[in-house]
Amino acid sequence: MADIVLDKVSKRFPDGTVAVQDIDLEIADGEFVILVGPSGCGKSTTLNMIAGLEDISDGELRIGGQRVNDKAPRDRDIAMVFQSYALYPNMTVRENMAFPLKLAKLDKETINSKVEEAAKVLELTPLLDRRPANLSGGQRQRVAMGRAIVRQPKAFLMDEPLSNLDAKLRVQMRTVVSRLQKQLGTTTVYVTHDQTEAMTLGDRVVIMRGGAIQQVGPPQELYEHPRNLFVAGFIGSPSMNFLHAAVDDGKLRTAIGDVPIGERIRRELTANDAPRELILGIRPEHFEDAELVDDETRRRGLEFSAPVDIVESMGSDKYVYFTVEGERASAAELEELAADAGADFSGGGASLVTRLSAESAVREGEDRRVWFNLEKIHLFDPSTGRNLTLHEGRSSGALAD
Amino acid sequence: MAETTTRAKLRWGLLDVIVVVFALVPVLWIASLSFKTPATITDGRFWPREWTLENYKTIFATDQFVRALVNSIGIALIATLIAVVLGAMAAYAISRLDFPGKKLLVGVSLLIAMFPQVSLVSPLFEIERQLGLFDTWPGLILPYITFALPLAIYTLSAFFKQIPWDLEKAAKMDGATQGQAFRRVIAPLAAPGLFTTAILVFIFCWNDFLFAITLTSTERARTVPVALSFFTGESQFEDPTGAICAAAVVITVPIILFVLFFQRRIVSGLTSGAVKG
């Protein structure tokens, strides 16, 4: 077991494209770190550099305090689980799992006992003599994990290991991976493009975009205190609502009413190069049906009225989509996120996603009064994407002094 | 539905029989001739009236044929082995690496395969005489490798391309060196390709007549196809048809054995289950 340190690591391909730019990351011993981001953000390249499958163009990579830049994968003592599983089809499950041990020239008995042990942990014992072709997707995935854990490496690298499984199995395997990592206490770097996996699995999440780290932190911190527009939009499902907000006379004019701003934000906005237009971000769960809000809570927020577009009842709560008038928020980050989600903007007005409590009597087609929490609002600079409401790493809403 | 499938089966069956008969009759005819006595050899019957093993005894009695058979087997096996090993390495590089001039290399190697061999025979004759390779085993093995390599590279790179690259990465992560990854993971998976290539190359070397007749002059390196053409009867007036037929049957046998032996190894779908497909 060991810690992994990336010190200003960069990757440039021979054709000149920069896949990863000056990444600084310290992964503690036994930590479970997730690299997440849209496709092409450099997360897989970063993982491959840690693995040794890609050369490092610049910077230093240290595993367990040792510089390993020039070491071959086999000398780094780390195991990897591939998205495609990459099982050896000519070998049985047992031989697949024994392969790394055989290469390490362990004696037969040790190999056998280690394989049996790993098989027991992953419930693969009855499948040991089958070939990969005769296994289901979930079983193959477990064999791939077994091959990684069997030789007790310094670290695990996982490259979207669950993305080929169907939704139900993925949720199940997520808990398996999580439990396994806790049990073994091995440093793990896990790459995914699925923000749900990132939120649920990791001790810390690294959000990447265009070869650079956007923010590093525990999932909850990223969710509540996103440093910029990209992080805010990437984390959370359904994702954060973004509205255009014009700065006017100490207020923000938005499609859901005039939002007052506090002293600190006002100070930020009086600077010379301060933007005249902002993007207001608010998460779906910070809305509530105005009828269900008590007076105490009501004072902390604002109300507006809008036509209900669609109601999705989830049982525990209701996702309500409103149509709101006004200019659409636009920024490079938002377009990138939409493109990654495969969504094309549909014309006319902005759509607002809210999560209201299940008791709400909201119906499709009517106009509904909705309350939202001012303390949970984020304000972003559209040109830089910076979260203006963030102060010393904490986000404290628009009203903060 | 059932009727049409039965009729379709009949139609296909008939077609298959015609093809097989068309292909096999000459072979069987030769086999039949090889068992006939000199007196009945021209009787035009498919089934010999009198069976004899005399023709076989004749060819094995002369040192000429046995030497040629040894030459043929040795030269073809060595050429096949070298061509497949070299071809496998080249094909592996071509399918895995992106190096400058890759397309050119593949193009040039194909060009060699397409070059009319007749036009090379005279220069090769001169070159080999100068180098002292004329009428030796290497003198035939070298040109065979030259012409077999493009074929080997081409078929093998197609096979290597089918093997997922992730497998090699996985092997490296599991602690294998480049060589171990190739030997223990990639090569076993490419085995069907290696055997297919080996069969094709072997048949090419085994059947060659042009190089063999130009680049040899004695029993030292003369291969069977050439030896066959030098067969003479016991007197110059006797036509050695029976012996030639017997020899033809004998040299067909190694090919059949070779194909049958390796065919069992050519299992398709060996890579299924490696990666989520």
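In which sense do strand S11 (residues 241-248) of chain A and strand S12 (residues 251-254) of chain A pair, and over how many bridges? Select both strands to begin: S11 and S12 of chain A pair in the antiparallel sense over three bridges, where helices (H or I, at least four residues) and strands (E, at least two) are DSSP runs numbered from the N terminus, and two strands pair if DSSP finds at least two bridges between them. Within this pair, Val247(A) stands opposite Leu252(A) in S12(A).

Before going on, note that this is a predicted model, in which local features need pLDDT of at least 70 and side-chain atom pairs count only at pLDDT 80 or more, while totals for chains, interfaces and linings use all residues. Residues are numbered from 1 along each chain as its sequence is written, and chains are lettered from A and ligands numbered from 1 in the order in which they are written.

**The mixed sheet of chain A**

Next, select the six strands of chain A that form an open sheet in the order S6-S7-S8-S3-S9-S10, whose pairing is mixed. Its edge strands are S6 (78-81) and S10 of chain A, each of which pairs on one side only, and neighbouring strands are turned by 20 degrees against each other on average, direction ignored.

Inside this sheet, pick out strand S3 (residues 32-36) of chain A. Five of the five residues of S3(A) are buried, so the strand is largely enclosed by the rest of the structure; a residue is buried if 20 or more other C-beta atoms lie within 10 Å of its own, exposed if 12 or fewer, and partly exposed in between, with C-beta atoms placed from the backbone. Phe32(A), Ile34(A) and Val36(A) point one way from S3(A), whereas Val33(A) and Leu35(A) point the other way.

Strand S8 (residues 187-192) of chain A runs parallel to S3(A) and is joined to it by five bridges, and Thr188(A) in S8(A) is the bridge partner of Phe32(A). S3(A) also pairs with S9(A) in the parallel sense, over four bridges, and there Val33(A) stands opposite Arg204(A).

Move on to strand S9 (residues 204-209) of chain A, which has five of its six residues buried, so it is largely enclosed by the rest of the structure. With strand S10 (residues 212-217) of chain A, S9(A) pairs in the antiparallel sense over five bridges, and Val206(A) stands opposite Val216(A) in S10(A). The hairpin of these two strands has two residues between them, and Gly210(A) takes a positive phi near 55 degrees in it.

Turn to chain B, which is divided into domain 1 (1-52) and domain 2 (63-263), with bounds that come from an automatic or database domain assignment. Taken over C-alpha atoms, 31 Å separate the centres of the two domains of chain B.

Finally, show both chains together: the contact takes 22 residues from chain B and 25 residues from chain A, two residues being in contact if their C-beta atoms, placed from the backbone, lie within 7 Å. Helix H7 (165-173) and helix H8 (178-207) of chain B each supply at least two residues of the side that touches chain A, and H7(B) gives the largest share, six residues.

Definitions and conventions. Axes fitted to C-alpha atoms, helices over the stretch in contact; angles between N-to-C directions.
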